[in-house]
Amino acid sequence: MRRGAAGTKHVIAVVDASEQHRRAVAEALLSFYTVYPYSDSTNALSGMLVVPPKLIVVGQHVGQGSGGSFIKDLRKESSLSTVPVIFVADNEDMRVFDTIRDLGIRDYLVKPYRRSTLINAISGHLNGQVERSWRDLPAVQRKALESTLSAFNSIADEIANGNPLPFHAINESCAAIVEVVHDGKFDNILYKIKDHDNFTYVHSLRFATLLSLFGKTIGLSKEQQLLVACGGMLHDIGKMTIPRELLNKQGRLTPNELTILRGHVATAERILATTDTIPKGVSTIVVHHHERLDGSGYPRGLMAADLNQLARMAGIIDVFCALTDRRPYKRTLSANTALELMASDMADELDQDLLFKFRDILIESADFDDGSSH
């Protein structure tokens, strides 16, 4: 398995004298970005000149000085002067806010803050152009994107605190996906997310959309289509606990790394167990989307007799997305090439009757955009 280098596109620097806060930021961004932590200004500036960040999180205290003083020094470095900064204050001190505003910093957080608040603030900078383009979409399509992103990011808070998942928010946001699919305009939302840098969200929305489309076409009720869309949005939540470096590692994974990566299913199952309102069908999709009919899948190596229709549908969408998703560590296949491979090389692993129906769905969706041509 060939996986591409992370590069510097997703590097976030956190500069703060507080080790606790540096660690908290690194944990919050674990699966989203590669975090470089610095405790003092000298190491921060020299380190960022070697590995330039896309964004810098600056605490109120940096080394023996202030965050404001560090930002002044930062602006003197031509290669770093335009890098966006998010300031994190220890408390609601208006004098501190006046200082950072004078330095041109408009985004700030106050401790303690929710993980999703930090993720949204960073995404607002790095994905601003992508997310602003959603404003041009019809209302239901825009809602499908904005509400699913908000609900998806809020999951990070609940995972961190061991709280039940916000399933109501997930369910409500996925209802918009179902409406978009019914309107036949799903290609718009798939195109509009392709350049967003939250790969797990992009993959999950794509998975949810295609699974909803699959369900609609084979005759599932609207309620069941909503269920499968929710399963699609949640199927990879276990990956939020895996470092981005491993998710995007170049080259073959070691046996230990493969075990960690595959462990995202068990992690997701534990997360789902915190919420007693999760429908059984959603759990089936989350737990069984990597199982295969011949027993070669994971985590349980189930055989065909143990896999119901939802599990088989999820397996097909999982493989199709894995082959056609735009990711830095692999070659992207066209939809047609992926379907041909799934029908030949994976004939024993996937339900071929359902795969035939899925292929027809994509053929009939003349406007389908698999993302590989952009």
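Strand β1 (residues 11–15) and strand β3 (residues 55–59) pair in the parallel sense, with four bridges between them, in what is a predicted model. Both strands belong to an open sheet of five strands, ordered β2-β1-β3-β6-β7 with parallel pairing. The chain as a whole averages a pLDDT of 91, and 94% of the residues score at least 70.

- Within the pairing of β1 and β3, which runs over four bridges, V14 has V57 in β3 as its bridge partner.
- Helix α4 (residues 94–102) packs on the sheet, where it touches β6 (85–89) and β7, and the direction of α4 makes about 165 degrees with that of β7.
- Strand β3 is also joined to β6 by four bridges, the two strands running parallel, and in this pairing I56 stands opposite V85 in β6.
- In a regular strand the side chains alternate between the two faces of the sheet.
- In β3, L55, V57 and G59 point one way while I56 and V58 point the other way, and all are buried.
- Because five of the five residues of β3 are buried, this strand is largely enclosed by the rest of the structure.

- The buried residues of helix α14 (residues 264–272) are H264, V265, T267, A268, I271 and L272.
- These residues lie on the same side of α14, because they cover an arc of only 160 degrees around the axis.
- The helices against which the buried residues of α14 pack are α7 (139–161), α11 (222–234), α13 (255–262) and α15.

- S212 lies in helix α10 (residues 199–217), and with a relative accessible area of 0% it is buried.
- Leaving aside neighbours within four places in sequence, S212 is in contact with I177, V178, V181, Q225, V228 and A229.
- Q225 is found in helix α11 and, at 2% relative accessibility, also counts as buried.
- With neighbours within four places in sequence again left aside, the contacts of Q225 are V178, H182, S212, G215, K216 and L220.
- Although Q225 and L211 are 14 residues apart in sequence, their C-alpha atoms are 7.9 Å apart in space.

**Cysteines**

- A disulfide is a covalent bond between the sulfur atoms of two cysteines, and the structure holds zero of them.
- C230 is in no disulfide, the nearest cysteine sulfur being that of C174, at 4.1 Å, whereas the cut-off for a disulfide is a sulfur pair within 2.5 Å.
- At 1% relative accessibility, C230 counts as buried.
- For C321, the closest cysteine sulfur is also in C174, but it is 14 Å away and therefore too far for a bond.
- C321 counts as buried as well, at 0% relative accessibility.

**Cis peptide bonds**

- Most peptide bonds are trans.
- The peptide bond from K111 to P112 is cis, with omega near -10 degrees, and P112 lies in the loop between β7 (108–110) and α5 (115–126).
- A cis peptide bond also joins Y298 and P299, with omega about 10 degrees, and P299 is found in the loop between α15 (280–288) and α16 (309–324).

**Confidence in the prediction**

- Confidence in the chain is highest in β3, at a mean of 98, and lowest in helix α12 (residues 244–247), at a mean of 88.
- Over residues 1–6 the pLDDT is below 50, although this stretch has 23 contacts in the model beyond near neighbours in sequence.

How values were computed:
Residues are numbered from 1 along each chain as its sequence is written. This is a predicted model: local features need pLDDT of at least 70, side-chain atom pairs count only at pLDDT 80 or more; totals for chains, interfaces and linings use all residues. Side-chain values use heavy atoms; hydrogens and water are left out. Buried means under 20% relative accessible area, exposed over 50%, partly exposed in between (1.4 Å probe, protein chains only). The arc is that of the directions from the helix axis to the C-beta atoms. Contact means heavy atoms within 4.5 Å. Two strands pair if DSSP finds at least two bridges between them. Axes are lines fitted to C-alpha atoms, for helices over the stretch in contact, and angles run from 0 to 180 degrees between N-to-C directions. pLDDT is the predictor's confidence in each residue, from 0 to 100.
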